[in-house]
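Q: I would like to go through this model with you, one topic at a time. Could we begin with a single helix and work outwards?

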2 protein chains.
Amino acid sequence: MPVEAGERVAARIDEARLWQRHMEMARFGGTPAGGVNRQALSEADGEARRQIVGWAQGRGYEVASDAIGNLFIRRPGRDANAAPVIGGSHLDSQPTGGKFDGAYGVLAAFEVLEALDEAGIETRRPVEVVSWLNEEGSRFQPGTMGASIHAGSVFLDDILHVTDADGIVLSDALKAYLATTPDLPERPFGFPIAAYVEPHIEQGPVLEEAGESVAVVEGVQGLRWFGVEITGEAAHAGTTPRALRRDALKTANAMLTRLYQAAQDQADLLRFTVGRFEVLPGAPNTVPARVYFTIDLRHPEAAEIARMTHEIEAATRDLTAPCEAAASRLADSPPTVFDAEVVATLERWRDRLGLAGRRMMSGAGHDAMHIARVAPAAMIFVPCEKGISHHESENAKPEDLAAGARLLAATLTDLALRD
Amino acid sequence: MPVEAGERVAARIDEARLWQRHMEMARFGGTPAGGVNRQALSEADGEARRQIVGWAQGRGYEVASDAIGNLFIRRPGRDANAAPVIGGSHLDSQPTGGKFDGAYGVLAAFEVLEALDEAGIETRRPVEVVSWLNEEGSRFQPGTMGASIHAGSVFLDDILHVTDADGIVLSDALKAYLATTPDLPERPFGFPIAAYVEPHIEQGPVLEEAGESVAVVEGVQGLRWFGVEITGEAAHAGTTPRALRRDALKTANAMLTRLYQAAQDQADLLRFTVGRFEVLPGAPNTVPARVYFTIDLRHPEAAEIARMTHEIEAATRDLTAPCEAAASRLADSPPTVFDAEVVATLERWRDRLGLAGRRMMSGAGHDAMHIARVAPAAMIFVPCEKGISHHESENAKPEDLAAGARLLAATLTDLALRD
């Protein structure tokens, strides 16, 4: 029965309808360049919420919210007391974001509810769509706000006073946002979830490069950020001999040479990026007095992050003469390993549905990272054009979005039929 | 007679008077932080001109100007038709400059005229002080304006239309400036000069480091500037494997590693500086798409500049994959070799006067670089504190300024006694 039901629901995924919903959703906060500016709790974010609630109520689904504005759309199962199986992601975007980051997960899960209806499948567990509040964190920090609060790793009272760049307090913005969809029943934070699957665009080039349409995501890389400050001394470029210079850029160059070398792992799993790099005073005829750079370090295994941390600390200690250097940790997030059974279920359905794809780790953080602490969770990636996201040119193919939705449909159906 | 006369004039150099004149001159354009903002043709520059003319006329010297405002103060010799021996430098400063850069050369030469008077020496040739207009070029470009026009390498008509940042035209500013000292006889550009000696602060740390009080400057390093542009591709730091990255900063790092290595000359004469270095887009979690950096390259010998140029071109060609790179020349000035006889005369007097010092090359450009094309020329350097110049904290010791003035006094006297 599960096999047959999963296939039947997957077959009802409507590629054109799913694409159309993306285009309609993209009107909320749509930019002239074809992107989306739909920052969390903005007017556009409220309009997007009203739209998805309208679609849900139009199909007769039950809609609920919690106190931070996480939105839940329920297709009931036979057992009203069973914990739901949930798919979804987020509807907010970066200030110059695209049509697919976040929205895809919510719209794919909504497509699954409709496909379940159209296939005439009754599940044991409720199947739900979630839209977590404020994943991006571009207006109000921290990001992955709604999912973190659901998972109990952030407390609502601790963030209600946070302000945006214009001084608007989160509690006020939240009140106005919740008022766009009044009279919704309120869910408690942390209610039990039987399983959670989050579809998302890859935000990287691997699937497109390989010509594959889905990936089963088995975890999220650990991430550590460093800020490195090198202090030398400004000097006249024409008159100061090399022996008397304290050139902060030359020191930074020596450190980076060692670190780029240390980051050359055979498996190409380590992500080592120096993205911000500032040199002062920055005059062509002045020896640099100061360099500041950031290191963004990611790997699926904590041990590799520890090894590179050791390399960074060694370079900061050993390679800095005649300058001085100091490294500080700006962020630290250990690797997440997704639920083995949910991952295995996704892989079985990927193969049964004949979808080309691989297992991979997520390089970016997602709501699923937090939900994985309190429920069996995993993710699905679909390719996006040139790996670009967080940009107005972000793009994806209708057939890839549909492939990911079919995998989600079969998997959620399978999981929702289980005891 | 020359030996005796040179020693007698040097003995009359008055350290306290010379220092006092620096302090008085520093009032014109003086800044609260103790520096000087006396940009060329400014009101303060006009006041400085009026001051030196006042001192000169007070001592009965002949004062003349040319059409670009170069100022000449003459102590006549026996032979009115003989070409003069000249000492001097400039009175303009950087916007946040100090009390000594330029002013020292003019005031030291003026001190020599007074010392000649007080020693009762009659020379064969006239001895003159020059203040060249607009050496710094911070308000009106090009710098070394007056000396370049005297030497015929820049033509007055070609620069009269130049404007400053406020849109003021050079010809108007020049007219107002020349009106501060009306009725001066006008000299032609390019009149013959028997010898030119320019005293200046070193603007580098070598003399202070060595505990020496004067250097005989035998030339000016050649200088070549490059701009290097590296183009890669922005990518997500968490999701883009190393194999698919085109990291512009990593490419820049490889190029600079090779170039810093190539610049490690045994003699420590090569000056290789990357002073401006910009990385875009500059977000910690984005692989850099673009790097722009400048190279400031200086050496006494054209062959070494050619060798490093070859290295830069090779690095731009060979080390850039998977990015693209292009290097362009922004400036080019060949080395200047000062007159062997003037340099030898300075060295003889340095030794006879018992002054500690060395021969060296100038790392920075000076008015003397241009005068050397049309007359026998050389320079004297004196130490400045920590090698700092072009800064309000620029400083020098009264005894070092006096030592340089004694060397100038003896040398100009010697040269002015010759046929």
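Q: What span should helix H11 of chain B have, at 1.5 Å a residue?
A: The model is a predicted one. Helix H11 of chain B covers residues 340-352, and its 13 residues should span 18 Å at 1.5 Å a residue. The C-alpha atoms at its ends are 18 Å apart, which agrees with that expectation.

Q: Which residues of H11(B) are buried?
A: Val342(B), Val343(B), Thr345(B), Leu346(B), Trp349(B) and Arg350(B) are the buried residues of H11(B).

Q: And how do those sit around the axis of H11(B)?
A: Viewed down the axis, the buried residues of H11(B) fall within an arc of 160°, so they line one face of the helix. The face turned away from this buried side carries Ala340(B) and Asp351(B), which are exposed.

Q: Next, helix H2 of chain A. Which of its residues are buried?
A: In helix H2 of chain A, residues 15-25, the buried residues are Leu18(A), Arg21(A) and Met25(A). They cover an arc of only 60° around the axis, which puts them on the same side of H2(A).

Q: What covers the buried residues of H2(A)?
A: The cover includes three helices of chain A: H3 (43-58), H4 (103-119) and H13 (398-417).

Q: Which residues are exposed on the other side of H2(A)?
A: On that side, Ala16(A) and Met23(A) are exposed.

Q: Let me turn to the backbone. What is the peptide bond from Leu280(A) to Pro281(A), cis or trans?
A: The bond from Leu280(A) to Pro281(A) is cis, and its omega is near 5°. Pro281(A) lies in the loop between S10 and S11 of chain A.

Q: What about the bond from Leu280(B) to Pro281(B)?
A: The peptide bond from Leu280(B) to Pro281(B) is cis, with omega near 5°. Pro281(B) is found in the loop between strand S10 (277-280) and strand S11 (286-287) of chain B.

Q: Why bring these up?
A: Most peptide bonds are trans, and most residues other than glycine have a negative phi.

Q: What is the phi of Asn134(A), then?
A: Asn134(A) has a phi near 50°, a positive value in a residue other than glycine. Its place is in the loop between strand S4 (127-132) and helix H5 (145-150) of chain A.

Q: Is Asn134(A) buried or exposed?
A: Asn134(A) counts as buried, because it has 32 C-beta neighbours inside 10 Å.

Q: And what of Lys386(B)?
A: Lys386(B) is not a glycine and has a positive phi, near 55°. Lys386(B) lies in the loop between strand S16 (377-382) and helix H13 (398-417) of chain B. With 16 C-beta neighbours inside 10 Å, Lys386(B) counts as partly exposed.

Q: How much of chain A counts as buried?
A: Of its 419 residues, 56% count as buried. Among contacts in chain A with a separation of 6 or more, 79% come from residues 24 or more positions apart.

Q: Into which domains is chain A divided?
A: Domain 1 comprises 2-221 + 335-417, and domain 2 comprises 222-333. The centres of the two domains of chain A, taken over C-alpha atoms, are separated by 38 Å.

Q: How many residues are in contact between domain 1 and domain 2 of chain A?
A: There, 6 residues of domain 1 are in contact with 9 residues of domain 2. The domain 1 side divides into 2 nonpolar, 4 polar and no charged residues.

Q: Lastly, how many residues of chain A are in contact with chain B?
A: In chain A, 47 residues are in contact with 46 residues of chain B. H9(A) gives the most to the chain A side, with 6 residues. By class, that side has 20 nonpolar, 18 polar and 9 charged residues.

Notes:
Residues numbered from 1 in each chain as written. Chains lettered and ligands numbered in written order. Predicted model: local features only at pLDDT ≥ 70, side-chain atom pairs only at ≥ 80, totals over all residues. Domains from an automatic or database assignment. Contact = placed C-beta atoms within 7 Å. Nonpolar A, V, L, I, M, F, W, Y, C, P; charged D, E, K, R; others polar. Helix = DSSP H or I, 4+ residues; strand = E, 2+ residues; numbered from the N terminus. Buried ≥ 20, exposed ≤ 12 C-beta atoms within 10 Å, placed from the backbone. Expected span 1.5 Å × (residues − 1). Arc of directions from axis to C-beta.
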